[in-house]
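Subject: Structure for you to look at

Hello,

Here is the structure I promised to pass on. Please open it first, then read my notes beside it.

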Amino acid sequence: MTTVPKRILPVIAISQFAGTSVWFAINAVMADLQRDVALPAAAIGWLTAAVQIGFIAGTFVFALLSIADRFSPRKVFLVCSLLAGALALATALLPPELSMLLVLRFLTGVALAGIYPVGMKIASGWFAQGLGWALGVLVGALVFGSALPFALRALGASWSWQAVMLAVAAVAAGGGVLMAVFVPDGPHLAPAARITPKALTVIWNDRQVRASAFGYFGHMWELYAFFVLIPAIVATRFAGAAASWWVAATIGLGGVACIVGGALVRRVGGSRVAAFQLASSGLCGLLAPWLLEAPLWLWGAWLLWWGATVSGDSPQFSALTAANAPRAMVGSVLTFVNAIGFTLSTATITLFAAMAAQWPLAQVLPWLAVGPAIGLWFLSPLWRDAR
């Protein structure tokens, strides 16, 4: 039995946190960009969707070419982290035109395909046992990374938006270097597996895979669209650095929920952890018209709870799908499930950003609950069996 050095999981988590900090970097400085460049209100949706599309494209390219199998995953992680940092640097230095920003965000998504999934692969090479806990920590690190640009914006309230992007660039590149220096390839790295379209029939025909996959799709309907709308929700109460801190805290609590959920899996089961958090986030959306106008303490509790539960079920859906898929098709099933989920998120990001530009938030936010409601219905066979 291989003993895993104590540093491995913390270093992978910190590297994942640093590398994924580029994901929502442009969102953290969007108010500055809209002021300086006169970007349209809907640009926030387009730029966020561009990252998602790049991530989907990159995921398929990496999977089809078996990049992380042909080369050391930690070296792939290093190259993609450096690329992500270089793209953030280019965003800060090049003229901030919308077409250029869209290209840079798309390429950032491609780079993230070599950071987030490859970081998971590096972890799986070390944790043949206890991968569920490791996934909780790593997805939590991803969520913390998504919150980091907003924290940097708050810390550097007097900084230009270019300075924030430069800081994110340095953090992302540093995460890749950290991984390359301190984490060798693990002893349990899985061999390359060909991606097969047969996995699509498994996703629909296998009762348990369908339950976790469609639960995940419901989760993805809500997750990234909510992330895009958090600054608008916070702006109803706060401005400036205080607003950035609220956004960072709302997103960041999702990372805590991922870790706590991973710790609870052995006691109550992953499907029940996922179902509770999915139901909680959906309820937060339904209650939005009333809680948007609630006293500050209640408004704050609602927003922070929503931020925690909207992300906290992510690692459980991945773990459930991986556990229920046929062994020979796990890689294919996960690739297609993630691609479908991120494609759905691209649509809802664009849709909800456009809706929020036209209608009051009280009319928009309840529609986020559609995804959790459908996801819970599909997930019900798993959490009922667990009960």
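Helices (H or I, at least four residues) are DSSP runs, numbered from the N terminus. The expected span of a helix is 1.5 Å times one less than its number of residues. Two notes on the source come next. This is a predicted model, in which local features need pLDDT of at least 70, side-chain atom pairs count only at pLDDT 80 or more, and totals for chains, interfaces and linings use all residues. Residues are numbered from 1 along each chain as its sequence is written, and side-chain values use heavy atoms, with hydrogens and water left out.

Start with helix 7, residues 98-112. Its 15 residues reach 21 Å from the first C-alpha to the last, close to the 21 Å expected at 1.5 Å a residue. Which residues of helix 7 are buried? Buried means under 20% relative accessible area, exposed over 50%, with a 1.4 Å probe and protein chains only. The buried ones are Leu101, Leu104, Arg105, Thr108, Gly109, Ala111 and Leu112. They sit on the same side of helix 7, because they cover an arc of only 155° around the axis. The arc is that of the directions from the helix axis to the C-beta atoms.

Helix 10 covers residues 161-182. It has 22 residues and reaches 32 Å, close to the 32 Å expected. Its buried residues include Trp161, Val164, Met165, Val168 and Met179.

**A cavity and a pocket**

A cavity is a set of points where a 1.4 Å probe fits but cannot get out. A pocket is an open set with protein on both sides within 12 Å along at least five of seven lines. Lining residues have an atom within 4 Å of a point. Grid points are joined across faces, edges and corners, and a volume is the space filled by probe spheres set on the points.

There is one cavity of 30 Å³ or more. The largest cavity has a volume of about 30 Å³. Tyr216, Phe317, Ser318, Thr321, Leu334, Val337 and Asn338 line it. Helix 17 (314-324) and helix 18 (330-358) each supply at least two of the lining residues.

The second largest pocket has a volume of about 660 Å³. Its lining has 27 residues, and Asn27, Met30, Ala31, Pro231 and Ala232 lie nearest its centre. Among the elements that give two or more residues to this lining are helix 9 (131-155), helix 12 (207-234) and helix 13 (240-268).

**Cysteines**

How many disulfides are in the whole structure? A disulfide is a pair of cysteine sulfur atoms within 2.5 Å. The search finds zero. For cysteine 284, the nearest cysteine sulfur is that of cysteine 258, 15 Å away. Cysteine 284 is buried, with a relative accessible area of 6%.

**Positive phi**

Most residues other than glycine have a negative phi. Alanine 38 has a positive phi of about 60°. It lies in the loop between helix 3 and helix 4 (43-64). At 62% relative accessibility, alanine 38 is exposed. Serine 66 also has a positive phi, near 50°. Serine 66 is in the loop between helix 4 and helix 5 (67-70). At 15% relative accessibility, serine 66 is buried.

Best wishes
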